[in-house]
Amino acid sequence: KVYRASTTAPVNIAVVKYWGKRDAKLNLPTNSSLSVTLSQSDLRTLTTASCSASYPASEGDSLLLNGEPSDVSGARTQACFRELRARRAALEAADPSLPKLSTMPLRLVSENNFPTAAGLASSAAGFAALVRAIADLYELPASPSELSLIARQGSGSACRSLFGGYVAWRMGEAADGSDSMADQVAEAKHWPDMRALILVVSAAKKGVSSTSGMQQTVATSGLFQERIAKVVPENMARMEKAIKERDFEAFAEVTMRDSNSFHATCADTYPPIFYMNDVSRAAIRAVETINQAAGRTVAAYTFDAGPNAVIYYLEKDTEAVVGTFFHVLGGAIDGWKDSVIKGLKPTV
Ligand code: DP6
């Protein structure tokens with residue numbers, strides 16, 4: 001008999017960025033962060049988890065990612081497997097009639113509906129889907145927050161993809177990480193007219209991975225101390241208020257300031273790390289031009305650990321933002337129509 005469960009998890013894009021670990025092993029952050037989870041129909045990972053006593057034990061656990069065998073021996077994947085197996089084993093110990101799934105090899109098959117090479121944060125959707133698929137397979141009575149604790153150990157940003165809408169990852173204080181998990185600030189339907197546009201500036205894999213980039217920033221940047229002590233706590237409070245009040249002006253300002261602050265700490269890292277390039281900076285200027293022309297803030301940019309721009313705007317301003325963005329950006333990108341994913345909505 002083969003036991004099986006499938007699930008999908010969407011991508012999330014942070015508006016207050018996670019950057020820095022206080023514990024690299026448990027993947028505990030130096031600051032809280034907040035993101036918008038984007039629609040599954042556009043960007044998501046679909047994962048099927050199965051296990052069977054007939055799967056040869058010698059083959060161990062395996063993962064097929066977009067049709068290619070992928071390594072599962074890494075410490076982060078192993079931590080997720082271990083946490084999920086331990087919870088299943090506890091259920092099996094309490095009820096001996098349950099099949100011993102925790103002792104069987106796991107097979108995972110994962111597909112992204114967007115090119116992994118697009119430079120999008122695929123690890124967030126990937127680990128969120130992996131954790132939920134196995135939790136479903138094991139029939140664990142776990143809440144999304146509890147699953148976010150496990151997904152966090154796979155990739156920090158993954159803990160936010162267990163929820164839809166507007167999601168906070170609270171950094172927590174406990175040394176064992178038991179209070180470092182995600183919660184939902186607001187459902188997607190609270191502010192359903194939010195939209196995101198992704199400008200794929202470069203599909204190349206990023207130069208410095210976020211994992212190693214943030215370690216270097218923590219170790220060498222003085223500006224980073226100011227960011228975690230003052231800037232982020234203020235941005236978190238202002239952002240939660242902006243979302244609760246559906247205040248796009250405030251949402252946009254905090255989003256852009258937090259992205260700028262994060263990239264400033266990267267530049268203050270020694271040696272410096274540069275994720276944005278000339279096209280990224282042209283996109284920032286295009287957003288400023290659009291906002292000036294509109295006489296109010298209609299668009300907000302944010303950049304993760306790469307050159308791709310994510311632009312947040314409201315549905316009613318689609319024409320003012322999307323209609324003019326590429327016009328203003330001019331010839332900065334050849335064939336930009338192929339490099340843009342637009343109209344992304346917050347997902348439930
Ligand atoms: C810039 O979650 O990829 O996208 O925990 O080491 O896997 P690890 O890092 P990861 O970092 C994401 C950093 C970011 C900001 C964010 O998503 O909050």
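Biologist: Which residue stands opposite V2 in strand 6?
Modeller: V2 faces S52 in strand 6. This is a predicted model, in which local features need pLDDT of at least 70, side-chain atom pairs count only at pLDDT 80 or more, and totals for chains, interfaces and linings use all residues. Residues are numbered from 1 along each chain as its sequence is written, and side-chain values use heavy atoms, with hydrogens and water left out.

Biologist: How many bridges join strand 1 to strand 6?
Modeller: Nine bridges join strand 1 to strand 6 (residues 44-52), and the two run antiparallel. Helices (H or I, at least four residues) and strands (E, at least two) are DSSP runs, numbered from the N terminus. Two strands pair if DSSP finds at least two bridges between them.

Biologist: What is the order of the strands in the open sheet of five?
Modeller: The order is 1-6-9-7-8, with mixed pairing. Strand 1 (2-10) and strand 8 (68-70) stand at the edges with a single partner strand each, so one side of each has no neighbour in the sheet.

Biologist: Which helix packs on the sheet and touches strand 1?
Modeller: Helix 2 (residues 122-137) does, and it touches strand 1, strand 6 and strand 9 (106-112). Contact here means heavy atoms within 4.5 Å. The direction of helix 2 makes about 145° with that of strand 1. Axes are lines fitted to C-alpha atoms, for helices over the stretch in contact, and angles run from 0 to 180 degrees between N-to-C directions.

Biologist: What joins the side chains of T45 and N112?
Modeller: A polar contact of 2.7 Å joins them. A polar contact is a pair of N or O atoms within 3.5 Å; within protein, one must be able to donate a hydrogen and the other to accept it, and residues adjacent in sequence count only if both atoms are side-chain atoms. Not counting residues up to four places away in sequence, T45 touches several residues, including T7, S110 and A129.

Biologist: Changing topic, which residues come nearest to the ligand?
Modeller: Of the 18 residues around the ligand, Y18, K21, S155, S157 and T211 come nearest. A residue is near a molecule or strand if one of its heavy atoms lies within 4 Å of it.

Biologist: How far is an oxygen atom of the ligand from the side chain of R76?
Modeller: An oxygen atom of the ligand is 2.9 Å from an N or O atom in the R76 side chain. For N27, the corresponding distance is 3.2 Å, and a polar side-chain atom of S210 lies 3.1 Å from an oxygen atom of the ligand.

Biologist: Which helix gives the largest share of the shell around the ligand?
Modeller: Helix 4 (residues 210-220) gives the largest share, with three residues.

Biologist: And why is strand 2 largely enclosed?
Modeller: Five of the five residues of strand 2 (residues 12-16) are buried, so strand 2 is largely enclosed by the rest of the structure. Four bridges join strand 2 to strand 5 (residues 33-37), in the antiparallel sense, and I13 stands opposite V36 in strand 5.

Terms used. Buried < 20%, exposed > 50% of the residue type's maximum accessible area, 1.4 Å probe, protein only.
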